[in-house]
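Visitor: Can you walk me through the charged pairs in this one? I'm new to it.

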Amino acid sequence: MTSFRKTALVGGILYLVTFVGSIASAILVGPALNDPAYVLGAGADQQIGLGAILELVNVFGLIGCGIAFFSVVRKVHEGLAIGYLATRLFEGAIITISVVGLLSIITLRQQVAAGADGETLVPVAAALVAVRNWAIVIGSNMAPFNALMLGTALYRARLVPRWMPALGIVGAPILISFVIGLILGVAQVGTLFHVVAVLPFFIWELVLGLWLTFKGFNESSPIAIAERSRRDNAETSGPAQPALAAKAGAV
């Protein structure tokens with residue numbers, strides 16, 4: 001397995017890890033988000049804590065994607081590589097804020113259980129829920145910027161079937177416009193506009209993760225050919241180097 005194939009495998013697995021982490025986390029943290037009086041009840045702190053851990057798994061996975069693909073995208077365009085890594089780091093940082101919000105809600109509920117005034121802490125918990133929700137909106141919806149960087153590089157280099165990155169590139173303006181509309185209050189979650197904006201990226205990232213995991217990059221692309229040539233040259237010249245060094249030493 002070449003380093004080129006290893007990069008595709010690692011990046012593909014990390015993409016799938018982000019799916020598992022984010023979806024499982026969204027399901028587990030539901031009680032803290034949907035119950036306005038969560039801090040007053042018995043709570044499900046272990047469940048919420050597990051959801052926070054899985055969200056961190058998502059964060060590490062998406063940052064890992066940026067690191068894994070940086071060397072490949074840089075072969076196409078250094079600016080795209082830096083942009084992709086930067087948007088991934090930004091995404092991870094913002095989503096981490098949502099994790100801090102969840103853990104803070106757990107702390108508030110435990111304080112109420114220990115005797116603190118629960119009525120005064122309910123608005124604080126509601127504010128933390130709002131912070132968590134907006135952090136997810138802004139962080140997770142860096143997907144269009146990720147797609148514009150990585151998708152453009154994959155499309156140019158023909159590293160995967162072109163329809164795949166084209167799906168993300170074409171859908172990017174739609175998702176960006178939806179997020180802007182959400183911030184301005186003119187778009188709503190759960191509407192047809194939301195589905196149309198999110199669906200291309202869900203398909204793009206899921207299919208890309210599966211493709212890279214099981215198929216890898218296109219071995220007939222110019223970058224893959226150059227990688228094999230570099231490897232073959234290294235293998236050919238490698239054994240000769242010690243012999244040349246020995247002869248030089250003898251002389």
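**Salt bridges**

Guide: Glu-91 and Arg-88 sit 3 residues apart in helix α4, so about one helical turn separates them. Helices here are DSSP runs of H or I, at least four residues, numbered from the N terminus (strands are E, at least two).

Visitor: What do Glu-91 and Arg-88 form, and what's the distance between the closest N and O atoms?

Guide: A salt bridge, at 3.0 Å. That term means a side-chain nitrogen of Lys or Arg within 4 Å of a carboxyl oxygen of Asp or Glu.

Visitor: Which model is this, and what counts?

Guide: The model is predicted: local features need pLDDT of at least 70, side-chain atom pairs count only at pLDDT 80 or more, and totals for chains, interfaces and linings use all residues. Residues are numbered from 1 along each chain as its sequence is written, and side-chain values use heavy atoms, leaving out hydrogens and water.

Visitor: How many salt bridges are there?

Guide: The count is 3.

Visitor: Which residue pairs with Arg-88 at 3.9 Å?

Guide: Glu-205, again by a salt bridge. Glu-205 lies in helix α8 (residues 192-214), 117 residues from Arg-88. Shared partners join Arg-88, Glu-91 and Glu-205 into one network.

Visitor: Is Glu-205 buried or exposed?

Guide: Buried, because its relative accessibility is 13%. Buried means under 20% relative accessible area, exposed over 50%, partly exposed in between (1.4 Å probe, protein chains only). Arg-88 is buried too, at 2%.

Visitor: New topic. What does Asp-45 meet in a salt bridge?

Guide: Arg-109, at 2.9 Å, N to O. Asp-45 is in helix α3 (residues 45-76) and Arg-109 in helix α4 (residues 78-113), 64 residues apart. Both are buried.
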